[in-house]
Amino acid sequence: MVRERETPKQQQQVSYTVEQLVAVNPYNPDILPDLENYVNEQVSSQMYSLDANLCLLRLYQALMAMPAPDFSLCLFLIPERVQMEEQFKTLIVLSHYLETGRFRQFWDEAAKNRHIVEAVPGNKLGLNAGFEQAIQTYAIHVLSLTYQKIPRPVLAEAINIEGLSLDKFLEHQAANSGWILEKGHGRGQLIVLPRNEFNHPELKKSAADSVPLEHITRIFPILG
Amino acid sequence: MATTYDYEEAPATYDEGRHQDLGYDPNFVPDSVRSFVVHLYRHIREKNVYEIHQMYEISFQTLSDRLFKDTPWPSVDAVAHYVDNDQVFCLLYREMWFRHLYARLSPTLKQRIDSWDNYCSLFQVVLHRVVNMQLPNQWLWDMVDEFVYQFQSFCQYRAKMKNKTEQEIALLRQYDQAWNVYGVLNYLQAFVEKSNIIQILEQEKEGLEQFTATDGYDYSGGSNVLKVLGYFSMVGLLRVHCLLGDYQTGLKCLLPIDISQQGVYTSVIGSHIATIYHYGFANLMLRRYVEAIREFNKMLLYIFKTKQYHQKSPQYEQILKKNEQMYALLAICLSLCPQVKLVDETVNSQLREKYGEKMARMQRYDDEALVIYDELFSYACPKFITPSAPSFEEPLVNYNQDAYRLQLKLFLYEVKQQQLLSGVRTFLKVYSTISLGKLANYMEVDEPTLRTILLTYKHKTHAVDSDGKIISNADVDFYIDDDMIHVVESMPVKRYGDYFLRQIVKVWYI
């Protein structure tokens with residue numbers, strides 16, 4: 001539940017409540033209600049209002065939480081007027097690219113809007129570093145649903161790592177996450193992603209058929 | 001914007017102060033009403049739940065139809081002396097009085113505020129005093145349901161500032177606590193906590209408590225009121241949070257209730273429907289389409305089989321309305337996530353009849369499709385509200401549609417993102433393997449674009465459930481090996497386990 005504060009628009013400084021909150025709870029979906037209550041107590045007016053900056057922070061965190069639908073959940077609660085503001089529009093565009101697998105466009109847009117991303121409250125506390133990593137994790141998640149074997153250039157574009165850095169990254173993943181590096185036919189490297197039930201359908205356990213113990217206990221009286 | 005959404009209210013006609021003009025005397029108590037309150041009072045004191053239910057459900061309706069078709073019931077002051085001026089009975093009477101007013105007439109602002117006061121008084125009695133009553137579940141559900149409804153109605157009313165009179169604006173300013181969103185949430189939350197209902201349900205699973213088995217009634221001389229209000233408040237909270245667009249919190253509030261089984265929530269048809277309707281809607285907005293489809297299907301089948309028994313009930317119209325809305329939501333879910341195998345034959349044929357043509361058009365994902373998505377969503381969605389107090393500065397505006405517009409916009413945004421998936425699906429159904437190059441050709445896009453489309457398909461068909469696990473909604477799936485797409489037909493889910501359990505139970509009952 002959010003409404004914009006009726007104060008004149010000025011470049012809001014990071015309020016101490018945000019810093020406190022972020023320091024204690026870097027990512028917690030339950031932050032918002034707690035903070036709302038806190039803010040409401042502080043504000044003497046009867047109107048329930050929330051700092052637009054705080055919404056921005058929350059959206060930013062929600063973006064990092066993908067594939068969880070947190071981002072759209074937040075949008076449901078932020079008034080349309082507020083969503084039209086520049087910084088919000090940028091985050092919404094970034095979210096759109098991620099939702100539709102357009103990683104190249106995402107990284108381009110994020111780079112162009114570095115200043116907005118950095119202006120999000122809390123980034124001064126060093127949340128920025130986590131942002132890239134979180135998006136890369138999401139990218140790898142979607143790629144793992146989709147590919148058994150993925151060509152190197154496709155992977156590189158999705159996680160925005162190239163050249164030597166990519167080599168290092170791949171070595172690390174091979175050593176720790178079960179990735180296998182193969183030679184593709186003439187076109188360079190192929191990366192074999194770990195097997196899961198989504199990119200290897202034969203692994204799909206018929207979970208539908210397992211009967212929870214609870215259900216069996218219900219018929220114990222009958223089985224006698 | 002679909003006009004089905006617009007909440008139109010006739011101008012209020014019953015101001016108690018002007019009763020002379022309109023032939024209503026709040027102090028006149030017909031004999032049948034005197035008899036009604038005297039008997040109802042006695043039954044409540046004697047805890048005759050069955051009789052209370054009959055009077056509440058049937059007699060009240062009959063008298064309303066006969067004597068109070070378009071006037072309010074006699075004022076509480078006029079009947080109080082017939083019931084020993086019993087404070088609690090008077091609060092209950094007033095609750096019914098206001099509910100009748102909202103149903104048949106149009107409340108004034110003052111009446112809305114008075115109703116809020118009455119709920120506060122009534123709820124405070126239940127929360128803070130030892131209440132020694134047993135009331136029928138129907139009544140207790142209606143209290144919570146009506147409370148939330150009046151809150152929703154007030155927010156809608158308040159958001160239309162444009163034509164408010166000076167008087168109304170003054171009243172709004174003065175009574176700014178009435179129907180405040182925090183107040184509403186507070187009471188519902190207080191019922192949940194004070195009644196200890198969550199712990200009771202937990203302990204019931206281990207056989208340490210009896211609640212569901214007795215339908216919430218207390219057979220050891222106590223009262224069911226607080227416990228059952230606490231229970232129904234969980235559904236109330238789900239509803240309020242949906243109205244505010246906070247789907248995740250809403251679902252969290254419902255968590256203690258196991259909707260895979262019967263429970264007190266199914267003991268009253270209104271509660272059953274409200275629970276599943278909002279649960280399904282919240283899951284739809286969270287993109288958990290399979291979950292929504294499953295629950296809508298079960299509910300619609302149940303209504304189909306049992307609605308004949310409710311034909312005479314005052315809730316019949318509401319039941320039918322919600323039935324239609326759920327069919328619309330089901331049509332939306334199935335268009336976004338074709339999983340027809342999850343739908344029962346009976347429900348499916350009803351669905352085809354009502355929305356067969358529209359569903360075909362929705363799955364074309366063109367501009368016309370968006371219009372239909374808009375139409376169905378607007379028809380079936382909850383009446384979203386903006387909980388904030390209005391701005392009293394000139395110019396006064398109406399903002400009652402803001403909340404709805406936002407939810408609709410975000411919903412259509414999601415639909416648009418899924419636009420390309422329909423095309424992919426069609427091709428995947430035809431091929432077992434196909435190269436990226438070939439498919440890109442057929443779909444008239446370049447390979448990089450096709451890769452993003454395929455990623456989108458995977459992302460959109462694999463939702464994150466409430467435990468953070470990935471669950472697949474896909475009816476047809478695939479994986480990519482370098483530049484080859486391998487299609488995977490998903491098998492119909494045969495639930496042998498459940499089948500055996502049911503057979504065992506069947507045999508036992510022979």
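**View 1. Surroundings of B:Tyr231 in the nonpolar core.** Leaving aside residues up to four places away in sequence, B:Tyr231 touches B:Ile197, B:Leu201, B:Phe211, B:Ile257, B:Gly263, B:Val264 and B:Tyr265, where contact means heavy atoms within 4.5 Å. B:Tyr231 is also listed, together with B:Leu135, B:Trp139 and B:Phe411, among the residues with the most contacts inside the largest nonpolar core, which has 216 residues. Helix 11 of chain B gives the largest share of this core, 12 residues. Such a core is a set of buried Ala, Val, Leu, Ile, Met, Phe, Trp, Tyr and Cys residues joined through side-chain atoms within 4.5 Å; buried means under 20% relative accessible area, exposed over 50% and partly exposed in between, with a 1.4 Å probe and protein chains only.

The model is predicted, with local features needing pLDDT of at least 70 and side-chain atom pairs counting only at pLDDT 80 or more, whereas totals for chains, interfaces and linings use all residues. Residues are numbered from 1 along each chain as its sequence is written, chains are lettered from A and ligands numbered from 1 in the order in which they are written, and side-chain values use heavy atoms, with hydrogens and water left out.

**View 2. Helix 9 of chain B and its covering.** Helix 9 of chain B, residues 181–195, has 15 residues and reaches 21 Å from its first C-alpha to its last, close to the 21 Å expected at 1.5 Å a residue (1.5 Å times one less than the number of residues). Helices are DSSP runs of H or I with at least four residues, numbered from the N terminus. The buried residues of this helix include B:Val184, B:Leu188, B:Phe191 and B:Ser195, and what covers its buried residues includes helix 6 (109–128), helix 7 (137–158), helix 10 (197–205) and helix 11 (225–243) of chain B. At the start of helix 9 of chain B, a side-chain oxygen of B:Asn180 comes to within 2.7 Å of the backbone nitrogen of B:Tyr182, while just after the helix B:Asn196 takes a positive phi of about 65 degrees.

**View 3. B:Asn297 within helix 14 of chain B.** B:Asn297, in helix 14 (residues 289–306) of chain B, is buried, with a relative accessible area of 9%. The side chain of B:Asn297 reaches the backbone oxygen of B:Leu342 at 3.4 Å, and, not counting residues up to four places away in sequence, B:Asn297 touches B:Leu342, B:Val343, B:Asp344 and B:Val347.

Terms used. Helices (H or I, at least four residues) and strands (E, at least two) are DSSP runs, numbered from the N terminus. A polar contact is a pair of N or O atoms within 3.5 Å; within protein, one must be able to donate a hydrogen and the other to accept it, and residues adjacent in sequence count only if both atoms are side-chain atoms.
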